[in-house]
Amino acid sequence: FDITVEARDKGTPPLSGHCKVVVEVLDVNAPEVRVTSLSVPVPEDASVGTVVALLSVSDRDSGANGRVRCAVWPAGPFGLVSTFAGSYSLVVREALDRERVSEYEVEVRAEDGGSPSLLGRRGLRVSVSDV
């Protein structure tokens, strides 16, 4: 915001001065990722599309700073499906094999559209049960 300020005294003749004040508003509201439901362990024979967790993602900002993109890191057998605004399902994307990997550390990352963008994250431990 650019604000022009003028000050005038009560002298005779009155004198005045002015300046320009620049106010820069910084975005400090990072997106928040909350786990609303978690179904673990996941059986190793779970079909592709099986829901592992339900997540809620929000950002208190408006405009570009309030728009959020979500992803799972690292890329692996789980992915995100947007169910409706601000709600996501963590789902099985590919076949699981407990003998190869019995537990996954998954991080859901939410990045806003601000400049610079801010990042919110939530870690999940997903164990795989033997079948």
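Reader: Over how many bridges do strand 9 and strand 10 pair, and in which sense?

Author: This is a predicted model, in which local features need pLDDT of at least 70, side-chain atom pairs count only at pLDDT 80 or more, and totals for chains, interfaces and linings use all residues. Residues are numbered from 1 along each chain as its sequence is written, and side-chain values use heavy atoms, with hydrogens and water left out. Strands are DSSP runs (E, at least two residues; helices are H or I, at least four), numbered from the N terminus, and two strands pair if DSSP finds at least two bridges between them. Strand 10 covers residues 119-129, and its pairing with strand 9 is antiparallel, over nine bridges.

Reader: Which strands stand at the edges of the open sheet of four strands?

Author: The order of this open sheet is 4-10-9-6, with mixed pairing. Each edge strand has a single partner strand, so one side of each is left without a neighbour in the sheet; the two are strand 4 (42-43) and strand 6 (68-73).

Reader: Which residue of strand 10 stands opposite R109, and over the face of which residue does R109 lie?

Author: In strand 10, the residue opposite R109 is R121. A charge sits over a ring if NZ of Lys or CZ of Arg is within 6 Å of the ring centre and within 35 degrees of the ring normal. R109 lies at 4.5 Å from the ring centre, over the face of W73.

Reader: How is the pair of F78 and Y104 classed?

Author: Rings of Phe, Tyr and Trp (its six-membered ring) pair if their centres lie within 6.5 Å; planes under 30 degrees apart count as stacked, over 60 as edge-to-face and the rest as tilted. By this rule there is one aromatic pair. The ring centres of F78 and Y104 are 5.2 Å apart and the planes stand at 85°, so the pair is edge-to-face.

Reader: How many residues apart in sequence are the parts that this pair ties together, and is F78 buried or exposed?

Author: Buried means under 20% relative accessible area, exposed over 50%, and partly exposed in between (1.4 Å probe, protein chains only). F78, at 3%, is buried, and Y104, at 15%, also counts as buried. F78 lies in strand 7 (residues 78-84) and Y104 in strand 9 (residues 103-112), so the parts tied together are 26 residues apart.

Reader: Which residue takes a positive phi in the hairpin of strand 7 and strand 8?

Author: Strand 7 and strand 8 (residues 87-92) run antiparallel and are joined by six bridges. S82 has Y88 of strand 8 as its bridge partner. The hairpin has two residues between the strands, and the residue with a positive phi, near 80°, is G86.

Reader: What separation do the C-alpha atoms of A30 and L118 have?

Author: A30 lies in the loop between strand 2 (16-22) and strand 3 (32-38), and is partly exposed at 30% relative accessible area. A30 and L118 are 88 residues apart along the chain, yet their C-alpha atoms are separated by 5.1 Å.

Reader: How many disulfides does a search of the whole structure find?

Author: A disulfide is a pair of cysteine sulfur atoms within 2.5 Å. C19 is partly exposed, at 40% relative accessibility, as is C70, at 22%. The number of disulfides found is zero.

Reader: What radius of gyration does the protein chain have?

Author: The radius is taken over C-alpha atoms, and the globule rule is 2.2 Å times the number of residues to the power 0.38. The C-alpha trace spans about 95 × 25 × 20 Å along its principal axes. A compact globule of 131 residues would have a radius near 14 Å, whereas the protein chain has 25 Å.
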